[in-house]
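Let's take a walk through this structure, stopping at salt bridges, a couple of helices and a surface patch. Have the viewer open as you read.

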Amino acid sequence: MSFPAPPPASADVGVVGLAVMGQNLALNIADHGFATAVYNRTASVTEAMLNAHPGGSFGPGYQGRGPGSLVPAASVADFVQSLRRPRVAVVLIKAGRATDAVIDALAEHMEPGDVIVDGGNAHWEDTARRESALKARGLLFVGSGVSGGELGARFGPSLMPGGDREAWAALEPIWTAISAKVDRLTGIAIEGASAGRPVDVPDAEPCTSYIGPGAAGHFVKMVHNGIEYADMQMIAESCALLQGVLGLEPAKIAEVFREWDTTELDSFLIEITADILAQADPVTGVPFVEIVLDTAGQKGTGRWTSEASLALGVPAPTIAEAVFARAISSQKDLRVAASTVLKGPASPTYKGDKKRFVESVRRALYCSKVCAYAQGFALMAEASLEWEWDLDFASIARIWRGGCIIRARLLHTIAEAYAGGGDLPNLLMAPTFASQVGEWHESWREVVANAVAMGVPAPAFCSALAYYDALRAPRVSANIIQAQRDYFGAHTYERTDQPRGKFYHLDWPDPDRPQLEVT
């Protein structure tokens, strides 16, 4: 199909890439009263979208803006010319070379001061490269995390924009309007959006804010996804423990999770897990989770988070363990073969109070989740120092309270911890979390001990507890490692009785082994 060229400067904003995420975000923008230009390389996709959402589909508008509309374009040139200046074009396509190609095509037709927004799951280093290249051409670039999946894009995602502040000024009215909303005082997400009727509550707090310059937005989105990996893994381990230690059936675990969703663990992931556990397979009638093959996929953002933690020297072991757990899950044939060879506990039976153990798992899940968040925020803190992003961690936590996959009651508490002022070297040291984890760590240890004793793999729980114990230990075993390094590689060591920064080496081959001060 060939669309007539739209009138010049007839659209407020444009979206390129009309797969599910792109279409849903464009419809969300139109619902909020913006004339939205749409372009897809395959014109039939654009045509189908217009047929499904003809003029008049976008309701009464939002905060007095009036109804929005879709403005189709048959070419990149027509698309760009349809946008009012400063032009704002949002790209939502598969990350990688395809994104580069679309950005280059847009840039050929755009003018200095125009804005290109990459809303895909781009690697943050690609974002930094793209911003630099476009800046040389006088164009502004925003790398924005978009979290919430298909429904979030349609009715209110969490949005994490990074880039030039001038670019954010052009994008801010749109991102603020279409993002998820939470109650300003409680942080509880405001639900109820539907097609043509967005959430329109006076004084609601939007789940978006300027993150920082350069690639800050996509880096923060990457860390969000790393925490998401850990959160999902720990919830899965909770299910495995309740089933493997206590023998609970999925329907009973669903009841447990529904109860947990009324406590500190209240979250989107707990809510949907309860729903999943209660679901019967439509083909066989058995519990749905028993039909799903135990091999989890991944798209790379958890691995990117782990790679960044290694590169910056920030420990994020629980996030890494969640990535490794997905990797070993994919080795299904190996695990099946190994199960006939490798020995485990002989017919273990739990002999304690089952109700008490369920509560211990709840506490262990909470403590482990706090550790995963602590690791993610520590990673962002180091990146902020390294690249001078000046990240606002209270603001980031507030953005994540609605719309995104890890939205949870816990994030309101995290936001309050960072908003309290003063330097918080680690989230676990905030008084609220130090007190709660300090009260519950014995339950956490009980769960990990039972997992080990009964052969139920719980790598994220174990890793989180080891992180907590290492963090609270004034002296760890690294003295042995550093002594070994000095022995075989003359890598030097510092002394406990001398100021930090003074280095020494033992002359190990010399029978007397004299100490040498290294300058």
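Which side chain meets that of Arg-363 in a salt bridge? It's Glu-359, with an N to O distance of 3.0 Å. Keep in mind that this is a predicted model.

## A pair within one helix

Arg-363 and Glu-359 sit four residues apart in helix α15, so about one helical turn separates them. In general, residues three or four places apart in an α-helix point the same way, because there are 3.6 residues a turn. Arg-363 is partly exposed at 24% relative accessibility, and Glu-359 is partly exposed too, at 27%.

Elsewhere, salt bridges with shared partners join Asp-100, Asp-118, Asp-126, Arg-129 and Arg-130 into one network.

The whole structure holds 30 salt bridges. One of them brings Arg-398 and Glu-205 together at 3.5 Å, N to O. Arg-398 belongs to helix α16 (residues 393–399) and Glu-205 to strand β9 (residues 205–206), so this pair ties together parts that are 193 residues apart in sequence. Glu-205 is buried, at 14% relative accessibility, while Arg-398 is partly exposed at 26%.

Another salt bridge joins Asp-266 and Arg-409, at 3.7 Å from N to O. Here the partners are 143 residues apart: Asp-266 is in the loop between α9 (250–260) and α10 (268–278), and Arg-409 is in helix α17 (residues 409–419). Asp-266 is partly exposed, with a relative accessible area of 27%, and Arg-409 is partly exposed at 40%.

## Helix α12 and what covers it

Helix α12 (residues 301–312) spans 16 Å from first to last C-alpha over its 12 residues, close to the 16 Å expected. Its buried residues include Thr-301, Trp-304, Ala-308 and Leu-312. Among the elements covering the buried residues of α12 are α8 (216–244), α13 (317–329) and α15 (354–387). After α12 comes Gly-313, with a positive phi near 70°.

## Asn-450 in α18

Asn-450 lies in helix α18 (residues 431–454) and is buried, with 17% relative accessible area. A polar atom of the Asn-450 side chain is 2.9 Å from the backbone oxygen of Glu-446. Leaving aside neighbours within four places in sequence, Asn-450 is in contact with Tyr-350 and Phe-357.

## A nonpolar patch outside

On the surface, Ile-276, Phe-288 and Val-292 make up a nonpolar patch, with about 220 Å² of accessible area together. Phe-288 is part of helix α11 (residues 288–291) and is partly exposed, at 31% relative accessible area.

Terms used. Residues are numbered from 1 along each chain as its sequence is written. This is a predicted model: local features need pLDDT of at least 70, side-chain atom pairs count only at pLDDT 80 or more; totals for chains, interfaces and linings use all residues. Side-chain values use heavy atoms; hydrogens and water are left out. Patches are made of residues with over 30% relative accessible area and no salt bridge: like charges are joined within 9 Å, nonpolar side chains (Val, Leu, Ile, Met, Phe, Trp, Tyr) within 5 Å. Accessible areas come from the Shrake-Rupley method with a 1.4 Å probe; for residues, only the protein chains shown count as cover. A salt bridge is a side-chain nitrogen of Lys or Arg within 4 Å of a carboxyl oxygen of Asp or Glu. Helices (H or I, at least four residues) and strands (E, at least two) are DSSP runs, numbered from the N terminus. Buried means under 20% relative accessible area, exposed over 50%, partly exposed in between (1.4 Å probe, protein chains only). A polar contact is a pair of N or O atoms within 3.5 Å; within protein, one must be able to donate a hydrogen and the other to accept it, and residues adjacent in sequence count only if both atoms are side-chain atoms. Contact means heavy atoms within 4.5 Å. The expected span of a helix is 1.5 Å times one less than its number of residues.
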